[in-house]
Amino acid sequence: LEAGRLLESLGHHVEEAEVPWRDDTLLEAFTPLFAPLVMLQAAFGRMLTGREPTEEQMEPVSWALWQLVNTMSSLDTHLAGARMQLFARGLIGWMSQYDLVLAPSLAEPPLLLDEVDWRTDDAMGLFVRSAAFTPYTAVANVTGQPAISVPLAEHEGLPVGVQLFARPAAEGQLLAVGAQLEAARPWAQRRPELAAR
């Protein structure tokens with residue numbers, strides 16, 4: 001709300017809308033696309049060394065994704081790609097009525113350092129948790145549309161940002177509005193307080 005009011009004060013027309021990106025099945029489709037891309041690095045390492053990756057060499061989430069990729073077929077990846085294309089086309093088509101869409105950068109307040117431990121016995125649970133924490137970033141990754149995250153507020157001393165999405169090839173407009181927001185609420189000199197534990 002605060003970011004919307006700021007945009008209105010800068011002369012923009014702002015309206016609330018129900019963006020069609022809330023789909024609980026998206027992670028199911030995103031994972032078969034994302035996992036092979038990430039694990040391509042491990043496969044490249046295997047190609048160079050001639051050795052199979054091991055659990056001891058990888059972080060738990062990477063190891064879980066490696067194991068997942070080894071159970072997938074190319075058909076799984078292509079079907080996931082088709083689902084993502086349908087989602088992206090639908091969202092971009094819906095966005096044609098707007099210049100920009102404003103969303104939170106994160107779905108939750110920012111976390112303190114080490115609040116989430118990557119050393120876990122529930123690696124896929126952590127993967128799902130990460131996706132739930134940053135759902136809007138994944139949307140921009142899937143659609144390929146330009147997006148920018150801008151820190152505008154604070155929560156308990158930590159920066160809170162908003163994310164702006166533009167229509168395809170509208171980077172200029174996106175950067176112009178981002179620059180307007182930065183001029184109205186400069187953030188370059190703001191630093192959270194340091195605290196030793």
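Predicted model: local features only at pLDDT ≥ 70, side-chain atom pairs only at ≥ 80, totals over all residues.

**Entry 1: Gln163**

Does Gln163 count as buried or exposed, and at what relative accessibility? I found 5% relative accessibility for Gln163, and since buried means under 20%, Gln163 counts as buried. I placed Gln163 in strand β3.

Next I listed what Gln163 touches, leaving aside its neighbours within four places in sequence. I wrote down Val101, Leu102, Ala103, Pro104 and Ser105, then Tyr136, Thr137 and Ala140, and finally Ala147, Ile148 and Ser149.

**Entry 2: the whole chain**

I counted seven helices and three strands in the chain. Reading from the N terminus, I got the order α-α-α-α-β-α-α-β-β-α. I noted that the C-alpha trace spans about 60 × 50 × 30 Å along its principal axes.

How much of the chain is buried? I found that buried residues make up 29% of the 197 residues. I also looked at contacts between residues at least 6 apart in sequence, and 73% of them join residues at least 24 apart.

I then looked at one pair more carefully. β2 and β3 (residues 158-166) run antiparallel and are joined by eight bridges. As one example, I noted that Ile148 has Leu164 in β3 as its bridge partner.

**Entry 3: the largest nonpolar core**

I reminded myself that in soluble globular proteins, nonpolar side chains tend to be buried together. Which members of the largest nonpolar core touch the most other members? The core holds 17 residues, and my answer was Trp21, Leu91, Trp94, Val101 and Phe165. The elements giving two or more residues to this core are α2, α4 (residues 74-95), β1 (residues 100-104) and α6 (residues 135-143). I found that α4 gives the most, with five residues.

Apart from its neighbours within four places in sequence, Trp94 is in contact with Ala17, Glu18, Val19, Pro20 and Val101.

**Entry 4: α4 against α6**

How do α4 and α6 pack? I noted an angle of about 100 degrees, with the axes 9 Å apart. That makes α4 roughly perpendicular to α6. From α4, I listed Met84, Phe87, Ala88, Leu91 and Ile92, which meet Val139, Val142 and Thr143 of α6. Sorted by class, this contact has seven nonpolar residues, one polar residue and no charged ones.

**Entry 5: α2 against α3**

I turned to another helix pair. α2 and α3 pack at an angle of about 100 degrees, with their axes 9 Å apart. These two helices are therefore roughly perpendicular to each other. On the α2 side I wrote down Thr31, Phe34, Ala35, Pro36, Met39, Ala42, Ala43 and Arg46, and on the α3 side Ser62, Leu65, Trp66, Leu68 and Val69. By class, I got ten nonpolar, two polar and one charged.

Which residues of α3 (residues 60-69) are buried? I found Val61, Trp63, Ala64, Leu65 and Trp66. The buried residues of α3 pack against α2 (residues 26-49) and α5 (residues 123-133).

**Entry 6: two partly exposed residues**

I finished with two single residues. Where is Thr54 placed? I found Thr54 in the loop between α2 and α3. With a relative accessible area of 29%, Thr54 is partly exposed. Thr54 is twelve residues from Ala42 in sequence, and their C-alpha atoms are 10.0 Å apart in space.

My other pick, Ala131, lies in helix α5. Ala131 has 26% relative accessibility and counts as partly exposed. I noted 9.6 Å between the C-alpha atoms of Ala131 and Ala107, which are 24 residues apart along the chain.

Definitions and conventions:
Residues numbered from 1 in each chain as written. Heavy atoms only, no water. Buried < 20%, exposed > 50% of the residue type's maximum accessible area, 1.4 Å probe, protein only. Helix = DSSP H or I, 4+ residues; strand = E, 2+ residues; numbered from the N terminus. Contact = heavy atoms within 4.5 Å. Core = buried A, V, L, I, M, F, W, Y, C linked by side-chain atoms within 4.5 Å. Axes fitted to C-alpha atoms, helices over the stretch in contact; angles between N-to-C directions. Parallel < 35°, antiparallel > 145°, perpendicular 65-115°, else oblique. Nonpolar A, V, L, I, M, F, W, Y, C, P; charged D, E, K, R; others polar. Pairing = 2+ DSSP bridges.
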